[in-house]
Amino acid sequence: MSDAYMWSSLTHMPQIDTNWATTTRQPNNDLDRDAFLNLLITQLRHQDPLNPMDDSQFIAQMAQFSTLEQMVQLNSTFERTQAFGMIGKIIDAEFFNPVSEEWVEIEGRFVTSVIRQGERVYLVVMGEDGMPIDVPFEAVREVSEDFFVTQQLFDIFANVNAQRATELVGRYIQAIAVSGENATFVEGRVDSVKFAENGAQAVLVVGNREVFMNEVFSVSTEMQLIGSPHFTHGTKLTGVEIRDNRAYLVFDNNPAGRVRVNRINHATEALVYVGEQISHTGVSGTVRSLTITGGIPFLNVYELVDGSVDPPVWGARRGQIDFLDYLVVRAGGESGSGGTE
């Protein structure tokens, strides 16, 4: 596996309310979808077999459950919409952190982004030490805009952005550099960092190219894509072209041919698995190379006979694995539900 570069970690603020332990838990009088379904199952389980539930009653209750499910989904969508509307705003919030078992109080913090974990939505704010804090959406007490506070927090963010940029010097990045309507793929070693817009914007110098921090999508300790020989389409990948918002891989033995890939990071992530043991949908073995078909990377899985010699000794091919489908299943989804775009 490549050396992944971790951007941040969750920061826990000091305990504010020392009387939290005396708080009495209040009963929940709302009938949520799980409780509704449990009641319905219990009713069916304990009904009189000689006098079962009337079909019309069962259909009516299932219709009520369907309505409740739709209302829950609508509320979740509305909550996410509200949360995204808070980006760039200043919030006050208070919430209990079950990990540190402390109450966390947030005052006058600038919302930089929104993340979703399961069914919960979190607002990301910057702490006093410049580290991000995930604030539950429902914990927000006040939302406001204040120019002076916003400017101060922008300064904090700029300092953190500058620190992150300088940490990339000497590492290899992949980025999509956009200039007007033109987009270009850039991969290489970060030689130095420049700062524009009064230091608020970090610019990475990669050879004779300049890349903004927000254009970077991958960081590693070595070249990931350009120069890779682990494709069945050619001897070595020599370049990537961006045309009409699509990426095309170019190989040295066929410069006139172009192999489309839906997203460059799909190919990058798939290459990390070369040489790794893998098992998916009945195919098990060692990944030897990649094939791009219909824009999707497929992992070519072989039997590794002897990996101690150079080059390794390979046996028969075990099969191909749809890399996007593999990612979906690994994340807890169902096979075949992965998208291609």
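Visitor: How many of the 341 residues of the protein count as buried, as a percentage?

Guide: It's 36%. Buried means under 20% relative accessible area, exposed means over 50%, and partly exposed is in between, using a 1.4 Å probe and protein chains only. One caution: this is a predicted model, where local features need pLDDT of at least 70, side-chain atom pairs count only at pLDDT 80 or more, and totals for chains, interfaces and linings use all residues. Residues are numbered from 1 along each chain as its sequence is written, and side-chain values use heavy atoms, with hydrogens and water left out.

Visitor: Why does Thr281 count as exposed?

Guide: Its relative accessibility is 54%, and the cut-off for exposed is over 50%, so Thr281 gets that label. You'll find Thr281 in the loop between strand 15 (277-280) and strand 16 (283-293). Strands (E, at least two residues) and helices (H or I, at least four) are DSSP runs, numbered from the N terminus.

Visitor: What is the phi of Thr281?

Guide: Phi is near 45°, a positive value in a residue other than glycine. Most residues other than glycine have a negative phi, and most peptide bonds are trans.

Visitor: Which residues does a cis peptide bond join?

Guide: Asp310 and Pro311, with omega about 0°. Pro311 sits in the loop between strand 17 (296-306) and strand 18 (313-322).

Visitor: What is the strand order in the open sheet of 3 strands?

Guide: The order is 7-6-11, with antiparallel pairing. Strand 7 (182-189) and strand 11 (216-220) are at the edges because each has a single partner strand, so one side of each lacks a neighbour in the sheet.

Visitor: How do you know that strand 6 and strand 11 pair?

Guide: Two strands pair if DSSP finds at least two bridges between them. Strand 6 (residues 172-179) and strand 11 have 4 bridges, in the antiparallel sense, so by that definition they pair. Within strand 11, Ser218 stands opposite Gln174.
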